[in-house]
Amino acid sequence: MMLDQVVLLAAVTVLGLLEQAYFSLKVIYARRKHSVSPPATTGPPEFERVFRAQANCSEYFPLFVFSLWLAGIFFSQALAALFGLLYLYGRYLYFHGYAESAQGRLEPLYFSAKMLWVLIALAGAGVICTMTQVYLGLDLLHFFSHVLGLTEHT
């Protein structure tokens, strides 16, 4: 695979890493503000919401990265990057919504979960289509593109 074929995926991954670093810094600032020294993970509700928001985002990050790359390599780099950016935006809103109130996390949580499921579906579809092409000689991706009218019939 050529570098230009994965540059969007790499850019979205780096943006995700920067977002994770930003969330971690917010926990450090919350620890200082609310005098919660490590290794403690409990304190005032304001601290606990920031801590949980960062922990939740970190827990889902591996799922995001794997589904982003699999969807990009086996289905479409552009679609994977688009849904990856939407996922990261949803997580940003989730983090800040949760930091404000537990209720504030819900709408962005549902949005980012939908974006993650789209990435997982694209990854699964891409892997299945690639396997059928390699092992059965059937180009399902090309077939479905024709059925959906996305390409001209040849």
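How close do the axes of α1 and α3 come, and at what angle do they cross? In this predicted model, the two axes come within 9 Å and cross at roughly 10 degrees. Angles under 35 degrees count as roughly parallel. α1 and α3 are therefore roughly parallel to each other. From α1, the contact draws on Val7, Leu8, Leu9, Val12, Leu15, Gly16, Glu19, Tyr22, Phe23 and Lys26. From α3 come Gln77, Ala78, Ala80, Ala81, Gly84, Leu85, Leu88, Arg91, Tyr92, Phe95 and His96. By class, these residues divide into 14 nonpolar, 4 polar and 3 charged.

Now take α1 with α2. Their axes lie 9 Å apart, and the packing angle is about 170 degrees. That makes α1 roughly antiparallel to α2. The contact of α1 with α2 has 16 nonpolar, 8 polar and 3 charged residues.

The loop between α1 and α2 deserves a look. Most residues other than glycine have a negative phi, and most peptide bonds are trans. Serine 35 sits in this loop. Serine 35 is not a glycine, yet its phi is positive, at about 55 degrees. Proline 39 is found in the loop between α1 and α2 as well. The peptide bond leading from proline 38 to proline 39 is cis. Its omega is near 10 degrees.

Next comes the pair α3 and α4. Helix α3 covers residues 77–100, and helix α4 covers residues 106–136. They pack at an angle of about 155 degrees, and their axes are 8 Å apart. Angles over 145 degrees count as roughly antiparallel. α3 and α4 are therefore roughly antiparallel to each other. Their crossing is left-handed. On the α3 side, the contact is made by Leu79, Ala80, Phe83, Gly84, Leu86, Tyr87, Gly90, Arg91, Leu93 and Tyr94. On the α4 side, the residues are Pro108, Leu109, Phe111, Ser112, Met115, Leu116, Val118, Leu119 and Leu122. The contact of α3 with α4 has 15 nonpolar, 3 polar and 1 charged residues. Ala80, Gly84 and Arg91 of α3 touch α4, and Ala80, Gly84 and Arg91 also take part in the contact with α1.

Where is there open space? Rolling a probe the size of a water molecule over the atoms shows where empty space is left. The largest pocket holds about 200 Å³ of space. Lys26, Tyr29, Ala30, Lys33, His34, Glu46, Phe47, Arg49, Val50, Phe95, Ala99 and Glu100 form its lining. The elements that give two or more residues to this lining are α1 (7–34), α2 (45–74) and α3. α1 gives the most, with 5 residues. By class, the lining has 6 nonpolar, 1 polar and 5 charged residues.

Lys26 and Phe95 line the largest pocket. In the contact of α1 with α3, Lys26 belongs to α1 and Phe95 to α3.

Note on methods: Residues numbered from 1 in each chain as written. Predicted model: local features only at pLDDT ≥ 70, side-chain atom pairs only at ≥ 80, totals over all residues. Heavy atoms only, no water. Axes fitted to C-alpha atoms, helices over the stretch in contact; angles between N-to-C directions. Helix = DSSP H or I, 4+ residues; strand = E, 2+ residues; numbered from the N terminus. Parallel < 35°, antiparallel > 145°, perpendicular 65-115°, else oblique. Left-handed = near helix turned anticlockwise from the far one by under 90°. Contact = heavy atoms within 4.5 Å. Nonpolar A, V, L, I, M, F, W, Y, C, P; charged D, E, K, R; others polar. 1 Å grid on protein atoms, 1.4 Å probe; cavity = no way out; pocket = protein on both sides within 12 Å on 5 of 7 lines; lining within 4 Å. Points joined across faces, edges and corners; volume = space filled by probe spheres on them.
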